[in-house]
Amino acid sequence: SDQLLEVSNLKKYYPIQAGLIRRTIGHVKAIDNVSFQIGYGETLGIVGESGCGKSTLGRMIMRVLEPTEGTILFDQQDITKMHGKTLRRTRRNFQMVFQDPYASLNPKMMVADIIAEPLLINDIMNRKEASEKVNQLIDLVGLRQKDLRKYPHEFSGGQRQRIGIARALSLSPKLIVADEAVSALDVSIQAQILNLMTELKKEFNLSYMFISHNLSVVKHISNRVGVMYLGHLVEIGDKDSLYQEPLHPYTKALLSSSPHAKRGVKREKIILQGEVPSPANPPQGCPFHTRCPQVMEVCKSVRPQLQEIVPGHSAACHLYETAGVSL
Ligand code: SF4
Ligand code: MG
């Protein structure tokens, strides 16, 4: 297989309980039947508005959140039900980079110790080896040796994110899940961090799952992009195909309101009506049908399946079903 990560039919349902005996009266469907792959050395961007489930998805991939159903294959190994020591050992291969590096860096630790900690906790190296590795890592992320003796509060947001990346890289992971990793940074700093991540990816053949609400950020770094709406993956495809020829009406609307929409391509702004429905009470049929400008009768009762429409580009929408396939 040329896939590092293969996710099939992943679900995360939270029971809604009521009454003294906490009877389950329904489920919040935070992630509903999501499948995708990430190849070796590939960056998959995941976009969607807040609350669409993208962070939940990332945390399940990281195995910090149990899936309700479905399977996660990492490097051909089923990690869905992995626990204890085996999980800890495997988890070295996937690391996370967070939105707010300040919250994820211990303020009382020197940078050298912050970066070395995963190596020492996992008993991978002794102190001397770890300190050599830390020296390499600080160079790799574009900071200076003398920064190693400083504390997180002495750095700017962008520098702190470099420290977070160095720490994530310390265990030589194969996959990095970055959740809104540059969203808290100024635009010019965002570009620097994205460029750094792209260089590191090439150097170490890393794969990224890059989660963001920001379409232009995702476009900058991704090879392929998936679009989520209400816990569903509604479209996924090669970046150029997705940004230039979006298929799903929701993706079209998102792109039409993105300030960085492609220059020269005149795209009419699509204003979506209504609110995103509650995942506790999702619509029947297509999850987007309550807001879709192209809704048809079939959309209200039949859930469209993700299917390849053009090579390397799939969407879950009845508009693309050939006659006879749909109702
Ligand atoms: Fe719109 Fe129907 Fe396609 Fe859903 S399936 S996006 S409601 S056209
Ligand atoms: Mg989030």
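The shell around ligand 1 consists of ten nonpolar residues, four polar residues and no charged residues; Ala, Val, Leu, Ile, Met, Phe, Trp, Tyr, Cys and Pro count as nonpolar, Asp, Glu, Lys and Arg as charged, and the others, Gly among them, as polar. The structure is a predicted model, in which local features need pLDDT of at least 70 and side-chain atom pairs count only at pLDDT 80 or more, whereas totals for chains, interfaces and linings use all residues. Residues are numbered from 1 along each chain as its sequence is written, while chains are lettered from A and ligands numbered from 1 in the order in which they are written.

**Confidence**
- The average pLDDT of the protein is 92, and 96% of the residues score at least 70; pLDDT is the predictor's confidence in each residue, from 0 to 100.
- The ipTM of the model is 0.97 and the pTM is 0.93.

**Ligand 1**
- Cys286, His289, Cys292, Cys299 and Cys317 come nearest among the 14 residues around ligand 1; a residue is counted if its C-beta atom, placed from the backbone, lies within 6 Å of the molecule.

**Positive phi angles**
- Most residues other than glycine have a negative phi.
- Asn9 has a positive phi, near 50°, and belongs to strand 1 (residues 3–18); strands are DSSP runs of E with at least two residues, and helices are runs of H or I with at least four, numbered from the N terminus.
- Asn9 counts as exposed because it has 12 C-beta neighbours inside 10 Å; the cut-offs are 12 or fewer other C-beta atoms within 10 Å for exposed, 20 or more for buried, and in between for partly exposed, with C-beta atoms placed from the backbone.
- Gln76 also has a positive phi, near 65°, and is located in the loop between strand 4 (69–74) and strand 5 (77–78).
- Gln76 has 9 other C-beta atoms within 10 Å and is therefore exposed.

**Helix packing**
- The axes of helix 4 (residues 111–121) and helix 5 (residues 127–140) cross at roughly 125° and come within 9 Å; axes are lines fitted to C-alpha atoms over the stretch in contact, with angles from 0 to 180 degrees between N-to-C directions.
- Helix 4 is therefore oblique to helix 5; angles under 35 degrees count as roughly parallel, over 145 as roughly antiparallel, 65 to 115 as roughly perpendicular and the rest as oblique.
- For helix 6 (residues 157–169) and helix 7 (residues 187–204), the axes come within 10 Å and cross at roughly 20°.
- Helix 6 is therefore roughly parallel to helix 7.
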